[in-house]
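Take a look at the chain below. This short report covers a helix, a sheet and the cores.

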Amino acid sequence: KATHVKVPALKLSLCLLVLMLLLRAVASSFPSFQNTHARRIPLKKRLATLSSASSSSSSKMETTTKTIESDGTQTPLKIVQLPALSDNYVFLLHCANTKSTAVIDTPEVGPILRELKKRNWQLTHILNTHWHSDHTGGNVELKKEFPEVQIIGPRGEKAKTPGAEKIPGVDRKVEQDDVVFVGDVKLHVMDVPGHTLGHCAYYAPSANSAFVGDCVFAMGCGRVFEGTHPQMFASITKIMSLPETTKLYCAHEYTLANIKFAKSVDGQNEDLLERERKCKALREKNEPTVPTTVGEEKKTNPFCRSGDEKIRKFLGMEEKRDVEVFAQLRTMKDNF
């Protein structure tokens with residue numbers, strides 16, 4: 001009797017095994033079955049996969065991260081340029097002597113924290129150029145991460161509400177000719193209103209560098225949101241008065257779009273056409289076109305060239321003042 005019981009059980013087991021093999025073969029032929037199976041991957045394994053994917057994404061962003069040693073022999077400054085949001089740039093300034101580290105504007109916290117951690121740097125200063133949220137959005141969160149950090153911003157950025165501040169968490173307000181020290185690195189404050197009423201730039205002579213926010217861009221300039229065209233013209237003129245080799249660290253990657261407008265008013269400019277070729281090559285490799293220099297902008301940026309005879313003739317403004325030519329160019333760009 002025992003033998004007669006085991007034989008049907010054996011047959012049943014073999015049938016089940018064959019059925020399972022058939023089902024597995026069918027499942028491997030249909031993506032929907034595969035996806036269902038993928039969703040059953042243990043949580044720990046899925047998290048590891050996501051972490052790996054995140055690392056790959058970060059390394060891709062690193063292709064536009066740029067480290068620049070200071071040209072100056074007096075100041076041991078290192079400048080690290082990071083991409084943020086869709087087209088912003090963040091600049092970390094690190095003094096090797098004192099280990100002090102500043103960030104110019106805070107559009108996004110993640111890239112800043114990752115780079116600081118990677119380099120084992122402690123954030124000591126936040127330097128804001130103006131109040132717009134894509135330049136100050138990370139102030140409060142970074143202050144929580146680094147409670148001793150000093151937030152510095154332009155005095156001219158005044159809120160309409162008494163007691164309120166346009167620069168989130170601001171500890172120190174600065175204006176024209178004030179000086180900020182990041183360790184041994186001395187930065188001069190330059191008031192450059194126009195884009196906003198209180199916009200400022202930070203100029204480090206020993207590093208031959210100026211951090212100009214949204215005042216001057218490579219072959220462009222910021223929109224005149226709060227100020228006037230004469231204010232913006234004066235601000236750009238002030239920046240153009242710096243030595244021609246001064247590196248200008250602009251806050252956005254707008255270069256290729258700016259070139260299109262520049263060519264529409266200065267299309268015969270050989271320096272501009274040559275620069276277009278170089279900038280396109282850089283962007284094809286996902287490399288930044290920033291920093292630029294004062295000298296490059298004087299040769300190729302129409303907003304720095306309102307005295308140029310060809311541009312004035314093209315506009316039919318040969319007898320107009322430079323500031324009027326600038327205003328016309330800016331208005332044309334607003335509608336380009």
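The expected span of a helix is 1.5 Å times one less than its number of residues. Helices (H or I, at least four residues) and strands (E, at least two) are DSSP runs, numbered from the N terminus. The model is predicted: local features need pLDDT of at least 70, side-chain atom pairs count only at pLDDT 80 or more, and totals for chains, interfaces and linings use all residues. Residues are numbered from 1 along each chain as its sequence is written, and side-chain values use heavy atoms, without hydrogens and water.

**Helix α12**

Helix α12 (residues 322–334) has 13 residues, so it should span 18 Å; its end C-alpha atoms are 18 Å apart, which agrees. Its buried residues (under 20% relative accessible area, 1.4 Å probe, protein chains only) include Val 323, Phe 326 and Lys 333.

| Element covering α12 | Residues |
|---|---|
| β13 | 220–221 |
| α7 | 229–240 |
| α8 | 255–266 |
| α11 | 309–315 |

**The sheet**

Six strands form an open sheet with mixed pairing, in the order β8-β9-β10-β11-β14-β15. Two strands pair if DSSP finds at least two bridges between them. β8 (179–182) and β15 (292–293) stand at the edges with a single partner strand each, so one side of each lacks a neighbour in the sheet. β11 (residues 209–213) and β14 (residues 247–250) pair in the parallel sense over four bridges. Ala 210 has Leu 248 in β14 as its bridge partner.

**The cores**

A nonpolar core is a set of buried Ala, Val, Leu, Ile, Met, Phe, Trp, Tyr and Cys residues joined through side-chain atoms within 4.5 Å. The largest has 53 residues. Ile 239 is among those with the most contacts inside it. Apart from that core lies another, of 18 residues, including Val 80 and Trp 121.

Methods:
Buried means under 20% relative accessible area, exposed over 50%, partly exposed in between (1.4 Å probe, protein chains only). Contact means heavy atoms within 4.5 Å.
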